[in-house]
Amino acid sequence: MNTYATHSVCKTLIALFTALNMFTNYVSFFTGGNDRGSAGDINGTTIVITLFVSDVEYGWSVKNNEDIERIDNVNEYLSIAGDYLEEQVSNYGGEAEFITDFITHEDLAYYVRVDRNMENVEFERDYDANDEVMWSNIDEYIDVDYLKEKYQADNAVFLAVFNTDVNNPAITCTRNWYPGMESDNEIVFLYYIDYGMVNPPAVYAHEILHTFSAPDLYTTNPEFGITQGTIIGIQNKYPNDIMLTCSDLRTGDYVYDRITNEITEITASYIGLI
Ligand SMILES: [Zn+2]
């Protein structure tokens, strides 16, 4: 659930993209950013483009039944997250639509192979290199503008999913946009299993909210004015905010068929709903 916003360094990496559907080699254009990055206002229509990334450690195979089941789960968790975000936004009088279903819409999912360990992120430069390898392939093979036009979408969010097991040392995180970032594409790095647990729909929604500028509420962040004192206040007043916790407040467990956390007024204010 980490977020990070550091500048990237260039690294030369080899990567290969294979689309689930027939690939047309579109040239991609990026329309430039705004203060909130490529995912701007949560009101409007957002497409989530899912990248199933195979790296040197973990891979996806559509011939493996367990992998197929996980891919179906990702689609289901994304659907729950999208419906949840639409409902929560409507509670504040907004109107958001999330298009996430890559089984119905085949051009919203891609298989990606990278010649790199995407879980070995002990250093800041590893995160930067992970971004680089994803950005370069998105730029080369996915026409984001075409997809936004096709789906009449205002925003596009990328979800890179890794087929990890309980030995995975990496933690799900999101590359937040910052002024001067070399690509507008904000990527959620979603490890299917991290901390020994399968990530539930709440984590998918939490990460997508990062791309709309919602900060984590469990850790200090001077950029967003979140101090140790603020965190204690948030824990008391908004204990079920989805940016504070993705576990069910009552049981302390993850739930997989719904999201029981809320966008409370603090997160609503960070993403511009109030
Ligand atoms: Zn987070």
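**Reading the labels**

Reply: Gladly! Of the contacts in the protein chain with a separation of 6 or more, 77% join residues 24 or more positions apart; two residues are in contact if their C-beta atoms, placed from the backbone, lie within 7 Å. This is a predicted model, where local features need pLDDT of at least 70, side-chain atom pairs count only at pLDDT 80 or more, and totals for chains, interfaces and linings use all residues. Numbering runs from 1 along each chain as its sequence is written.

Me: Why does Ser-213 count as buried?

Reply: A residue is buried if 20 or more other C-beta atoms lie within 10 Å of its own, exposed if 12 or fewer, and partly exposed in between, with C-beta atoms placed from the backbone. Ser-213 has 20 such neighbours, so it counts as buried. Across the protein chain, 42% of the 274 residues are buried.

Me: And why does Tyr-195 count as exposed?

Reply: Tyr-195 has 11 C-beta neighbours inside 10 Å, and therefore counts as exposed.

Me: What makes the phi of Tyr-195 worth a look?

Reply: Most residues other than glycine have a negative phi. Tyr-195 is not a glycine, yet its phi is positive, about 50 degrees. Ser-213 also has a positive phi, near 80 degrees.

Me: Which residues have the most contacts inside the largest nonpolar core?

Reply: They are Leu-51, Ala-160, Val-161 and Ala-205, in a core of 71 residues. A nonpolar core is a set of buried Ala, Val, Leu, Ile, Met, Phe, Trp, Tyr and Cys residues joined through C-beta atoms within 7 Å. Beyond its neighbours within four places in sequence, Ala-160 is in contact with residues including Leu-51, Met-134 and Phe-189.
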